[in-house]
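Me: I'm new to this one and want to go through the aromatic rings. Can you show me the structure before we start?

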2 protein chains.
Amino acid sequence: MAFAAPVAEQRFVLDQVVGLPELAATEMFAAASEDVVDAVLEGAGQFAEGEWAPLAKVGDTIGAQWTVDGVVMPAGYPEAYRAYVEGGWGTIGAPEAWGGQGLPFALQTAVLETLGGANTGFALCPTLTVGAIEALQHHGSPEQQALYLPHLATGEWTGTMNLTEPQAGSDVGALRTMATPRGDGRWSIKGTKIYISFGDHDMAPNIVHLVLARTPDAPPGTRGISLFLVPKYRLDADGKPGTFNDVRVVSIEHKMGLHASPTCVLSFGDHDDCLGELIGPEHGGLRAMFTMMNNARLNVGLQGVQIAEGATQGAVAYALDRVQSARAGSPDKAPIRIVDHPDVRRMLLRMKAQTQAARALVYYAAGQVDRATLGDAAAKGRLELVTPLAKAHATDLGNEVASIGIQVHGGMGYIEETGAARFFRDARITPIYEGTNGIQAADLVGRKLGLENGAVFAALIADIRADAKAAGLVELVEACDAAGRRLATADADDKLAASYPFLTMLSVATCGWLMEREAAAATGDDDFATMKRASARFYLEQIVPEALGLVAAANASAEALYAVPAEMFAA
Amino acid sequence: MAFAAPVAEQRFVLDQVVGLPELAATEMFAAASEDVVDAVLEGAGQFAEGEWAPLAKVGDTIGAQWTVDGVVMPAGYPEAYRAYVEGGWGTIGAPEAWGGQGLPFALQTAVLETLGGANTGFALCPTLTVGAIEALQHHGSPEQQALYLPHLATGEWTGTMNLTEPQAGSDVGALRTMATPRGDGRWSIKGTKIYISFGDHDMAPNIVHLVLARTPDAPPGTRGISLFLVPKYRLDADGKPGTFNDVRVVSIEHKMGLHASPTCVLSFGDHDDCLGELIGPEHGGLRAMFTMMNNARLNVGLQGVQIAEGATQGAVAYALDRVQSARAGSPDKAPIRIVDHPDVRRMLLRMKAQTQAARALVYYAAGQVDRATLGDAAAKGRLELVTPLAKAHATDLGNEVASIGIQVHGGMGYIEETGAARFFRDARITPIYEGTNGIQAADLVGRKLGLENGAVFAALIADIRADAKAAGLVELVEACDAAGRRLATADADDKLAASYPFLTMLSVATCGWLMEREAAAATGDDDFATMKRASARFYLEQIVPEALGLVAAANASAEALYAVPAEMFAA
């Protein structure tokens, strides 16, 4: 099944959910004219369909390989990456000062969706580069920016995020990698990082590692970590990659999926010859990290959209083609396409609805990034509130939709050759990395609900309440409001005990709100508008009520969880 | 993580849910004394832990391999299979007349759970043999029984089920494999079958294929299919495997999981030299197939239990060991085991509760098999009603629990070495084979709700209603009753449109009922009883209310599904 970029849907969501025309009316985003946006969406679609999608299979079956000389990408990847750089697809959202196009983050989101829809693992590489650009843009010195950003903005060099160590996963403050000052303004870096996506590869002449490390006498925990820029090759006097900087890839992980993306164990300073530069102030690593991480979270949520879209396209194509059994009660007993069997149709409509809901949620959050960039304080708060929803719920939906995709294929779905299984395997990491979905839920109840004394949460509820028309959505927003207000003042354990069901409820309420808006805007009688109304209707009639089933869990206390000692779980 | 057979739990469920002591009080099952049951459960546990569990990893990583000489199992499998035969583990439920022990099906279910908990793919081999035994026992001639059953009952020879062809999946009536009479009472078999689990292997001297085929001038569809016994090697005058019977394994599938189980494409009669014997009457294949299939469906549901148990054990062990982050609000900020973080604890309690619920449901159904064997007519109806629930819902739960198992492991869960990913990959076929879960839902609303004019369904509702104490369960059983009565008279499309959500609701109501009974029986203050009450409480307080969220979907009509033409799904 060939991937087709969902350009009409992207354009519709950018217009109706993001409000792109409003953004384009500002001086900052004046370049995002209707023509430019169409050209970008269509061009990215053609590029991704033609150059990246055909490589998805070999990316999965052969995958990135570790060798003594470093990581070797599958055949075709270096060329396809070069074509991406040369096509300017990396520059969409990058700052104009450094050679980027300075277009809205929301438009960059759509382009990344297309690239990742074509090839999820491959698209992780540019996704990480975007994070490095943002960190340098906000926290780098002018010299650092001048040396590195032009090469990152084009994608000529790629970026990585180095947080995790074996003992420091969700607990990033437990990291032990050391940075020792050399007296010349540079630092010696020593330590091992794990789970470094695209930590090494053969597609770019340099890789810019952003590394969290501890400096001598730093306070314990997250307050003592600092961010360092550590290139794979040091820059020479002309700013070109020169001497090898003692960053070695020790191994890559044997993962269930996402094989096109090498997940590296990186060893820094094995030969005591790894140099780094501090980004931002010493001990300011956590703040810099969050700059990278917040938008990276949206981009991981976007992977949920990518996978859901690909899985849905595959399942729809199969169901339109596969003929099996007569329709129940049909007099002629002639076998029909499975798309016409009610339960298959229900699965497909669910896939469409959940994919569109995930996209609406992530694009909506991306639009808040642009509004915040324009100085809209309310958008900044809204973005903070919806970021954990977009990351966690969109990745949950990617998994759900990929699983239904297998089911629609029947036995063929379990055979690797159809590709349905690849989506399912690829999807399973997304609720884990970039902060597990449990961490997102903890962030929601622990930090986000209390923003501005609850006013940020209350504003979202008020917006949904003002618009909601479907009976289920009206009921759900009130249930979210009540649960959210209770959780805001609950004790820490009770907050966390109910955090995940609450996150799901609030996500579904937000998606229901956006889907209802989309349906109202889809007034035509063309195929797209008709399908949109059907998806939104299914979402509001079936998926929103399901979320009401979570009210009990979102209002449960931690007491039931601790009624038995931990050891008894092994009984 | 070493697998440990859940012997105490099995014993408890056999006693409290199945009512094994009641069965043992009958003449037929008098052998199932308390001592024997203990010895079987413990012996099976030791055997599976010691001999089968250690092979699960190589079964996944190397897997069964296709060669020109047939399928070669991974190292250790033939020996471990022989040990299984010699230990008598295949004979538990097999008829005494043929060398079996004639113990209750429910006890055999527990043994199969243990074997499959240790090694899910491997245990599929005996599971299929059990199906072949049942088919021969009920439909074979005395000669066929005498020749084959003694070898199948011990597991010395293994059995297969050959239904599917490329164009005939869920629509089994579309099969084309031909059986032509030779005039000597035997038939020439010719055709290709796909998805044949353990269709070939090197662990037994013969394989007994049960093959659905069409005879000349047979009516179209399912009314024209007949069942044939087709051995891999024909029996010589002494009843020993002799001449090769022209059954060739053409390839094995490259699947996402369950690699220890070779999924074969079998070609019958490539050289026009494949002989088969009719089992039962000509055109009676469907009835014979259902004999195999009904209990096979329970055994696939049991795979959900196996996988859920294994995944839960792995996640609990990891969470008790992995230290990460301080408890929220803790003054000393000392990192704790992740089992003590509320959201992790919630995931583990959910895993425990869903695993126990799946086991209760499948064992309950297995108990009805024994009661039906004893001549209890009500049990026969109850069995028919709960079979689709056990197959579909228990496999859905296996998938859910395996997915949570990955999440508990965090990044480690995505790395193949931990084993969490294996459960997740293995689980995904179970909602598909042996009748997709959508087919189960169709069976529920299309055939089972109407059994005895609805009296069978009404009796289950009445039983749950009479016992239900938890408020959510009380509400859920009424919702099931109302939805079920509506569906019984709905038109075909409307029935099917709501079938899957209804199946889930009714399954959760049944599980909730059984879990409530289990909790009431777990009166001790030992670890087991304490954990049981906590799991049941979580089930009733959080999972039962979730199912109430499906009421809207279970009452939706098909109209919304067909509001757009099929082609628009590709828009």
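**Aromatic pairs**

Reply: In chain B, helix H5 (residues 77-86) holds both B:Tyr81 and B:Tyr84, three residues apart, about one turn of the helix. Helices (H or I, at least four residues) are DSSP runs, numbered from the N terminus. This is a predicted model, in which local features need pLDDT of at least 70 and side-chain atom pairs count only at pLDDT 80 or more, while totals for chains, interfaces and linings use all residues. Residues are numbered from 1 along each chain as its sequence is written, chains are lettered from A in the order in which they are written, and side-chain values use heavy atoms, without hydrogens and water.

Me: How many aromatic pairs are there over all chains?

Reply: The structure holds 27. Rings of Phe, Tyr and Trp (its six-membered ring) pair if their centres lie within 6.5 Å; planes under 30 degrees apart are stacked, over 60 edge-to-face, the rest tilted.

Me: Which kind is A:Tyr364 with A:Trp513?

Reply: Edge-to-face, with 5.6 Å centre to centre and 75° between the planes. A:Tyr364 lies in helix H10 (residues 342-373) of chain A and A:Trp513 in helix H18 (residues 499-521), so the pair ties together parts 149 residues apart in sequence.

Me: New topic: which ring does the charged end of A:Arg517 sit over?

Reply: The ring of A:Trp513, 5.0 Å from its centre. The cut-off is NZ of Lys or CZ of Arg within 6 Å of the ring centre and within 35 degrees of the ring normal.

How values were computed. Helix = DSSP H or I, 4+ residues; strand = E, 2+ residues; numbered from the N terminus.
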